[in-house]
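Please keep the sequence and the 3D view at hand while reading.

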Amino acid sequence: MDSFENIFNDYTWEEISDNIYSKTAFDVEKALINQGKNTLEDFAALLSPAAAPFLEELAAQSHEITQKRFGHTVQMYIPMYLSNECQNICTYCGFSLDNKILRTTLTDKQILDEVAAIKQYGYDHILLVSGEAHKTVGTDYFVNAIRLIKPYFSNISMEVQPLAQEEYEILASEGVYSVLVYQETYRKENYKEYHPKGKKSNFLYRLDTPERLGRAEIHKIGLGVLLGLEDWRVDSWFCALHLDYLRRKYWKTKYSISFPRLRPAVGLPAPDSHITDKELVQLICAYRLFDENIELSLSTRESAKFRDNVISLGITSISAGSKTDPGGYASDEHALEQFEIDDSRTPFEVADAIRNKGYEPVWKDWEMLKK
Amino acid sequence: MRLYSNKQRVTNMDKLIIAGKEFSSRLFLGTGKFGSNKLMHEAIVVSGSEMVTVALKRLNINEENDDLLAGILGPSITLLPNTSGVRTAKEAVFAAKLAREALETNWLKLEIHPDPRYLLPDPIETLKAAEELVKEGFIVLPYINADPVLCKRLEEVGTAAVMPLGSPIGSNKGLQTKAMLEIIIAQSNIPVIIDAGIGAPSHATEAMEMGADAVLVNTAIAVAGNPIQMAEAFKLALIAGRMAYLSGLGKQTLKAVASSPLTAFLTE
């Protein structure tokens, strides 16, 4: 059976990097003319430093395409952290095994307390998040959590450790709509430096995860790279290669891209920010020109000002009022966050900001047919 | 500038009848992509539309006062729930029953698009679901590709209308499937509603001139700079197109036709 690994192995990091950095204004102009029908070569041009002077044109096209496809709407979701137990060491993450923080996994009661707190804001789409602790927070735990949560939400997404195809099939049959799994970096040679210990250190297993999700017929697969680890341009190109492979093969599946930019976390040195605000806008717009239909998502890691402005440039889905520690909505003790959030406005405030921009916040856009 | 007030009827327009129900307006509206529910509501009122579709998945069917629904409902509006989001006939039937129960209507726009990118309808699943839903007592309006044979097959299983697409949904490309639409209109015994791709009032006029029974518009109005004025523009465009159709359009021809034919002397 063909797999993304075979395609991935056809390219080297250096070759793609050279290609991106050799792009010229001519290549960028050509890509801009191909509006909405961009190839991976066009995407390389739009990601390149050569595209920086064209940012306004790029933004104008992205705005137009997004508006035509998604209208004046923004989808609203909220993350709920189920657990911060984790058997992995990841050099950038607050949940890393070697980070001496208090570990918590929510009990049934705590889950329902979180649900009650979240429902006050009017949310109907929820994203369940965990670290990677298979023994305590495995498929059985997730199924139990989903059954508790299901009566209160129309749409359940998950951002948890990579699982087997059969496990994804179970979650799909329980009503899970989408699963997000970021490769973090496609630079295979350096992947292990960031992920020295735990199941996550297996680069290829992670790389194959969207494939297992596709086979399990999950409705939506979320992809992304961690911005701030390796060169964001090269990493994003590989992510687009992955997307291109998947969208041809699993044509019934929706896709989304997230833009997690490294944020400070308790017990970790501050990350070097490798991508500026301007560059992040360039990246968002480049994705939009590469795929008219893809959902682009931005979390509360980003500032209020930045978020308010990018919804008209291509972002179609945002969270608001997020807590990144398990139990954070119902309890006032916050000592265990995965990362610090920047946009700390309440969901109501964010919804008002969206309306002030002439957009409608959409809280419900799914109906679970098997409650 | 308003050529017609909202209530004024154009007297020499004929009525559209679907499943025994009369409609004065041939403009059907979709409810996605609007910047606010208020804007959507005003656009619906100004358009004069009497048939408005809404995705079941967007509605809080368990709540008494759903904002979106409140913006649609009106005394002259027939609510047309749609099954957007389903991928199979089985899911469509399930969603249809949910919609019927929650919204107390057996009208249904059947949409099955397993492809989430272009939202192109699955003909096989649609035919399967239509057959079952008709038996279950639904008034089924299926969204389909512009396939004349499929339209006849749907008519045979008892759908109340067919809704072939003009071009991919949201594309604003107009009647790219025109050659097929002409055949569908020519041989249909049930109303033909052109559903997707209508991007400008002129496209809607063209559909009416061809003899389509109605058009459904969403993106072109919702995403317009001024959705309310665009809703009115579509209203007028449909009236113009239908009037032209009823008046009998002159045939288009490439050659000039002499008003005094060259062979007239033969009959003199």
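A:Leu40 touches A:Ala240, A:Leu241 and A:Asp244, with residues up to four places away in sequence not counted; two residues are in contact if their C-beta atoms, placed from the backbone, lie within 7 Å. The model is predicted, and local features need pLDDT of at least 70, side-chain atom pairs count only at pLDDT 80 or more, while totals for chains, interfaces and linings use all residues. Residues are numbered from 1 along each chain as its sequence is written, and chains are lettered from A and ligands numbered from 1 in the order in which they are written.

A:Leu40 has its place in helix H4 of chain A, where helices (H or I, at least four residues) and strands (E, at least two) are DSSP runs, numbered from the N terminus. Because A:Leu40 has 15 C-beta neighbours inside 10 Å, A:Leu40 counts as partly exposed; a residue is buried if 20 or more other C-beta atoms, placed from the backbone, lie within 10 Å of its own, exposed if 12 or fewer, and partly exposed in between. Between A:Leu40 and A:Glu302 there are 27 Å in space, C-alpha to C-alpha, and the two are 262 residues apart in sequence.

A:Ser322 sits in the loop between strand E8 (317-319) and helix H15 (347-356) of chain A, and A:Ser322 counts as buried because 22 C-beta neighbours lie inside 10 Å. Leaving aside neighbours within four places in sequence, A:Ser322 is in contact with A:Ile78, A:Pro79, A:Ser299, A:Thr300 and A:Ile341. From A:Ser322 to A:His219 the C-alpha to C-alpha distance is 24 Å, with the two 103 residues apart in sequence.

The table sets out two helices, with the expected span being 1.5 Å times one less than the number of residues.

| Helix | Residues | First to last C-alpha | Expected span |
|---|---|---|---|
| H5(A) | 16 residues | 21 Å | 22 Å |
| H13(A) | 14 residues | 20 Å | 20 Å |

Helix H5 of chain A covers residues 55-70, and its buried residues are A:Leu58, A:Ala59, A:Gln61, A:Ser62, A:Thr66, A:Arg69 and A:Phe70. Seen down the axis of H5(A), these buried residues fall within an arc of 165°, so they line one face of the helix; the arc is that of the directions from the helix axis to the C-beta atoms. What covers the buried residues of H5(A) includes helix H3 (25-33), helix H4 (40-47), strand E1 (73-81) and helix H13 (277-290) of chain A. Just after H5(A), A:Gly71 takes a positive phi of about 70°.

The buried residues of H13(A) are A:Gln282, A:Leu283, A:Ile284, A:Cys285, A:Ala286, A:Tyr287, A:Arg288, A:Leu289 and A:Phe290. Among the elements that these buried residues pack against are H4, H5, helix H12 (232-249) and strand E6 (254-258) of chain A.

## Cores

A nonpolar core is a set of buried Ala, Val, Leu, Ile, Met, Phe, Trp, Tyr and Cys residues joined through C-beta atoms within 7 Å. The largest has 94 residues, and those with the most contacts inside it are A:Leu46, A:Ile126, A:Leu128 and A:Ala286. A second, separate core of 79 residues includes B:Val86, B:Leu108, B:Tyr143 and B:Ile185.

## The chains and where they touch

Chain A has 15 helices and 9 strands, and buried residues make up 50% of its 371 residues. The C-alpha atoms of chain A fill a box of roughly 60 × 45 × 40 Å, taken along the principal axes. Chain B has 9 helices and 10 strands, with buried residues making up 49% of its 268 residues, and its C-alpha atoms fill a box of roughly 80 × 45 × 35 Å along the principal axes.

In the contact between the chains, 20 residues of chain A meet 24 residues of chain B. The largest share of the side of chain A that touches chain B, 4 residues, comes from H5(A). That side of chain A divides into 5 nonpolar, 6 polar and 9 charged residues, where Ala, Val, Leu, Ile, Met, Phe, Trp, Tyr, Cys and Pro count as nonpolar, Asp, Glu, Lys and Arg as charged, and the others, Gly among them, as polar.
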